[in-house]
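Please keep the viewer open as you read.

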Amino acid sequence: MTTSVRRTTLTLPAAAVGPDNPLPALAGPRDVHRSTVPEGTDVPADMARQLAYRPLESLLPVRLRDGYSRHRTPTALDALVIENDRLRATVLPGLGGRVHSLHHKPTGRELLYRNPVFQPADFALNGAWFSGGIEWNIGATGHTTLSCAPVHAARVPAPDGGEMLRLWEWERLRDLPFQVDLWLPDGSDFLYVGVRILNPHHHTAPVYWWSNIAVPEGEGTRVLAPADEAWLPQCLKGLGGTPVGYERTLRRVPVPESGGADRTYPLRSEYPADYFYEIAPEERRWIASLDAAGHGLVHTSTDTLRGRKLFLWGAGRAGRHWQEWLTEPGTPGYAEIQAGLARTQLEHVPLEAGAEFAWLEAYGPLAADPRIVHGADWGAARGEVADRLEAALPRATLDAAYAAWRPYADLDPKERLADGSGWGALEVARAGYDLPGLPFTEDTLGADQWPWRELLRTGDLPDEPGVPGPSPVAPAWRDLLESARPGPTTDFHLGVAQWHAGDRAQAVRSWERALARGRSCWPLYCLAVTEAAAGDTGRAAQRYAEAVACADEQTRRAEGAAAEAGADAETVRRADAWRPVLPALAREAVPALIAAGRPDEAAAVLDRLRPEDRARGRFRLLAAQVLLARGETAAARAVFDEGFEVADLREGDETLSDTWYAIAERLVAGDGPVTAAVRARARAEHPLPERYEYRMRPA
């Protein structure tokens with residue numbers, strides 16, 4: 001059959017992503033973005049430089065995505081299918097361009113782990129992420145902020161005269177455009193993927209890229225790569241018992257055996273782990289996941305994409321629980337094989353002004369002799385896979401395909417199939433960038449971009465009477481805001497841009513000016529964050545309390561206006577926009593008030609929430625923490641005994657187990673001190689229930 005690209009829908013049990021968190025993400029990234037290398041570790045010079053180069057300091061300008069639940073209903077998702085007579089790839093343009101399925105027709109095999117549900121979870125840099133398929137991670141260490149966001153998609157001429165599917169977007173953490181071109185040559189068993197990242201600016205930019213492939217995990221599944229050593233990151237829990245208190249260390253370990261087990265079999269580890277393979281420069285870049293019969297998927301690329309990684313959940317209780325959390329009980333597990341620009345995901349690679357990174361990847365089936373693949377000789381197993389790959393897709397053929405693709409990367413799309421965000425169009429309007437093949441057109445500008453289009457057109461930012469939209473924070477936008485007419489909206493956004501630039505004193509002045517122009521929860525929230533960052537828990541708690549009270553008042557006023565007879569659609573829309581504001585503030589205000597020794601006020605904040613919000617797992621957990629802080633230990637334990645699920649539980653977050661054991665220790669100690677003996681007795685008498693076990697490291 002002729003290679004084709006077509007639209008379709010994919011119906012899955014799906015939880016709605018929900019609204020973005022309306023608060024600016026002023027706090028630093030919740031994942032660890034720095035590593036320590038133990039003394040005496042032989043780290044290559046380029047790796048050391050890239051470990052220290054421009055780690056992510058802020059999630060701005062993106063918003064957190066924490067509005068999802070765990071309630072799933074059958075939902076039709078827009079999908080794009082590219083297929084030839086050998087393969088069929090199904091892509092979800094509304095969810096980051098994720099390749100949901102890669103089906104090999106001759107054998108009837110699904111080559112990827114195909115998640116039977118769509119369930120967001122708090123794994124991406126900005127929150128919502130889902131497991132399965134092939135994802136395109138760009139920006140900074142972690143899952144991309146585009147995980148559950150739409151990207152642009154279109155048909156484009158392919159090098160062999162057929163059609164390609166192009167995906168493209170503007171990545172806002174690093175302010176860079178990128179594209180992903182997928183095509184299937186006639187008769188090919190391999191999906192080709194051309195990737196290009198552009199730096200249109202006049203400065204060098206840090207770049208991060210990892211193609212993340214979820215593959216089925218079975219008892220006999222083995223992951224192979226051309227390496228005898230790997231880099232293993234490990235997290236050591238620090239003070240405070242929170243994810244922020246983790247320190248990531250990096251050490252070199254042998255492959256395949258480490259710590260008394262063959263770690264190339266994902267189920268032979270108890271805890272989750274990452275293995276970044278050290279591949280010699282002359283070796284072909286590839287990684288494969290093969291089952292007990294020697295069948296599975298192989299990934300290879302041109303040499304620019306140098307890194308290869310195995311992520312495994314392990315066979316322990318927490319790893320199994322996380323996998324069920326991301327899909328549903330009774331479904332097969334998965335591991336991840338990945339490919340990136342650097343050796344590890346803790347590195348960022350400099351991209352010079354006006355330059356680009358480009359490479360070609362290939363995904364396809366592989367069948368190898370299982371006696372060799374699963375034999376004791378690691379060198380022979382590697383060699384068997386390398387030989388079978390070379391026979392199926394010679395290295396020279398891949399290099400030639402890359403050379404053939406390069407001129408086509410600049411071709412304009414023939415037919416647009418899906419729209420992404422308007423942020424790329426806004427940047428093109430601001431700077432006049434010439435981006436061949438990437439049409440960020442004005443018709444994609446949306447409500448979030450139009451105020452900023454007005455700033456470009458008139459020099460002034462319109463005042464926003466309701467919930468402010470996202471704030472662009474790049475230096476050029478900060479300069480425009482500083483030149484604009486002062487006003488509460490301008491001062492608020494200017495403060496966000498100044499905070500992102502590290503100019504905290506000026507940010508505080510801007511927010512204080514905004515507050516002086518009218519009481520509003522937005523500058524109050526920002527000032528609360530500044531007090532917390534400065535370590536003044538008392539002042540931070542007071543600001544949070546004021547912001548909550550103000551948001552409650554503003555929400556009620558907006559809802560009252562919407563409820564009046566004859567209210568227009570815009571008034572109703574503004575009232576709806578206020579709906580997530582109070583819960584977003586409460587989830588930050590309650591811990592701040594507890595930390596300041598004001599648990600009664602924390603309880604009052606929870607009482608302001610709607611009953612349906614108080615019933616959410618996040619606020620049930622906060623309620624238990626408030627009760628514990630008030631000395632109502634039995635009531636706090638009752639919250640856990642009743643049961644709840646925190647839909648936005650962060651990967652690696654040990655809040656559930658920490659709170660459980662804090663309650664248990666107080667139950668054992670009574671009014672007495674919590675000693676080491678009390679802690680040991682609490683753990684023996686009050687073991688953590690399995691439903692709350694999410695610890696990704698030895699307890």
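## Strand S12 and its neighbours

Strand S11 (residues 163-171) pairs with S12 in the antiparallel sense over seven bridges; two strands pair if DSSP finds at least two bridges between them, and strands (E, at least two residues) and helices (H or I, at least four) are DSSP runs numbered from the N terminus. This is a predicted model, in which local features need pLDDT of at least 70 and side-chain atom pairs count only at pLDDT 80 or more, while totals for chains, interfaces and linings use all residues. Residues are numbered from 1 along each chain as its sequence is written, and side-chain values use heavy atoms, with hydrogens and water left out.

S11 and S12 form a hairpin with four residues between them, and Asp175 in the turn has a positive phi of about 65 degrees. Trp170 has Pro177 of S12 as its bridge partner. S12 is also joined by six bridges to strand S13 (residues 191-198), again running antiparallel, with Phe178 opposite Ile197 in S13.

How many residues of strand S12 (residues 176-183) are buried? Eight of the eight are, so the strand is largely enclosed by the rest of the structure. Buried means under 20% relative accessible area, exposed over 50%, and partly exposed in between (1.4 Å probe, protein chains only). Leu176, Phe178, Val180 and Leu182 cover one side, with Pro177, Gln179, Asp181 and Trp183 on the other.

## Helix H1

In helix H1 (residues 45-52), the buried residues are Asp46, Met47, Gln50 and Leu51. Seen down the axis, they fall within an arc of 135 degrees, so they line one face of the helix; the arc is that of the directions from the helix axis to the C-beta atoms. Arg49 and Ala52 are exposed on the face turned away from that buried side. After H1 comes Arg54, with a positive phi near 45 degrees.

## Aromatic pairs

Rings of Phe, Tyr and Trp (its six-membered ring) pair if their centres lie within 6.5 Å; planes under 30 degrees apart count as stacked, over 60 as edge-to-face and the rest as tilted. By this rule there are 29 aromatic pairs. One of them joins Phe640 and Phe644, edge-to-face at 5.1 Å centre to centre with 70 degrees between the planes. Both residues are buried.

Phe640 and Tyr692 have ring centres 5.0 Å apart and planes at 75 degrees, so this pair is edge-to-face. Phe640 lies in helix H18 (residues 633-642) and Tyr692 in the segment after helix H20 (676-685), so the pair ties together parts that are 52 residues apart in sequence.
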